[in-house]
Amino acid sequence: MLYCHCEYVSTVKEDRLQIRVNPADKALLERAAAASHLNVSSFVVQAAALKAEEVLAERSSIRLSQEAATAFSEALERPAQVNDRLAAALRRAPKFSWLD
Amino acid sequence: MTELRRPTPLDPGRHRREQFDSGEPILDEWLRRYAGQNRRRDTAATWVIADTDDVVVAYASVAMTGIDRSSAPMELIKGAPNPIPALLLGRLAVDRNYANLGVGTALTLYVLATAIELNEKAACRATVVSAINPAARAWWERLGFHPFQPDDTAELDLYLLTSEIEATLRRLR
């Protein structure tokens with residue numbers, strides 16, 4: 001019987017990321033991965049993904065490309081517009097009730 | 001009908017979040033492990049909708065941010081502040097057992113009402129959301145949010161102007 005070390009079998013074709021690491025950091029990552037019952041690759045990816053999400057979700061500044069900054073500046077200058085999609089969402093009755 | 005408590009700030013001592021399952025492991029993990037700590041670091045505030053047993057059904061994390069337009073042509077930025085003060089709705093997750101009830105929409109509308117209040121008291125010209133994947137982007141677009149770069153399918157940052165929220169609420173009143 002085959003024994004699988006992987007956490008899950010992904011159906012998505014996986015990409016490769018090559019990174020350089022000094023021996024001390026590598027040893028640290030290996031110890032932490034072993035303590036988490038993960039292989040080093042899974043451990044690094046999970047930890048980095050968590051950090052990446054945190055960075056994006058808590059940005060103190062959102063830098064726009066030239067195109068985006070131009071479009072956003074123009075939108076700011078326009079008179080206030082009613083947003084039909086938002087209006088529809090506000091009108092839709094939720095399928096739950098508030099406990100008051 | 002399901003009864004839920006109105007949005008309140010996360011209280012780590014009271015709200016139960018061990019079983020929270022949005023289908024997005026990163027968002028579940030963040031709520032279970034980091035949400036309480038984060039509040040102490042004050043980088044983001046976590047708001048929750050809980051059921052009658054204080055089990056978290058949905059959460060949002062909200063922080064102040066600035067929209068940096070320095071790459072736009074000078075004449076467009078002139079006269080307006082840069083960066084533009086805004087609210088960042090960095091995370092929104094709903095437990096799968098409570099999907100399709102309108103809980104995520106309700107929590108978003110609560111945050112948008114906060115943006116209006118902040119705009120009156122200080123300045124908050126927009127609410128920015130950071131979609132976790134393309135399906136989430138489509139969800140935000142259905143609510144009326146605009147991708148900063150609509151033609152770029154990889155764009156996952158969207159915004160809604162506070163002036164739009166105000167105008168929309170006035171129309172419905």
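Two strands pair if DSSP finds at least two bridges between them. The model used here is predicted.

**Exercise 1. Find the partners of strand S8 (residues 157-161) of chain B and decide how enclosed S8(B) is.**

Step 1. Start with strand S7 (residues 146-147) of chain B. Two bridges join S7(B) to S8(B), and the two run antiparallel. Pro147(B) has Leu158(B) in S8(B) as its bridge partner.

Step 2. Turn to strand S6 (residues 126-130) of chain B. S6(B) is antiparallel to S8(B), with five bridges. Here Ala126(B) faces Leu161(B).

Step 3. Sort the side chains. In a regular strand they alternate between the two faces of the sheet. Asp157(B), Tyr159(B) and Leu161(B) point one way from S8(B), while Leu158(B) and Leu160(B) point the other way.

Step 4. Check burial. A residue counts as buried if 20 or more other C-beta atoms lie within 10 Å of its own. Five of the five residues of S8(B) are buried, so the strand is largely enclosed by the rest of the structure.

**Exercise 2. Trace the pairings of strand S4 (residues 56-68) of chain B.**

Step 1. Strand S3 (residues 45-50) of chain B joins S4(B) by six antiparallel bridges. Ala45(B) stands opposite Val62(B).

Step 2. Cross to chain A. Strand S1 (residues 61-63) of chain A pairs with S4(B) in the parallel sense over three bridges. Ile62(A) is opposite Ile67(B).

Step 3. Ten of the 13 residues of S4(B) are buried, so S4(B) is largely enclosed by the rest of the structure.

Methods: Residues are numbered from 1 along each chain as its sequence is written. Chains are lettered from A and ligands numbered from 1 in the order in which they are written. This is a predicted model: local features need pLDDT of at least 70, side-chain atom pairs count only at pLDDT 80 or more; totals for chains, interfaces and linings use all residues. A residue is buried if 20 or more other C-beta atoms lie within 10 Å of its own, exposed if 12 or fewer, and partly exposed in between; C-beta atoms are placed from the backbone. Helices (H or I, at least four residues) and strands (E, at least two) are DSSP runs, numbered from the N terminus.
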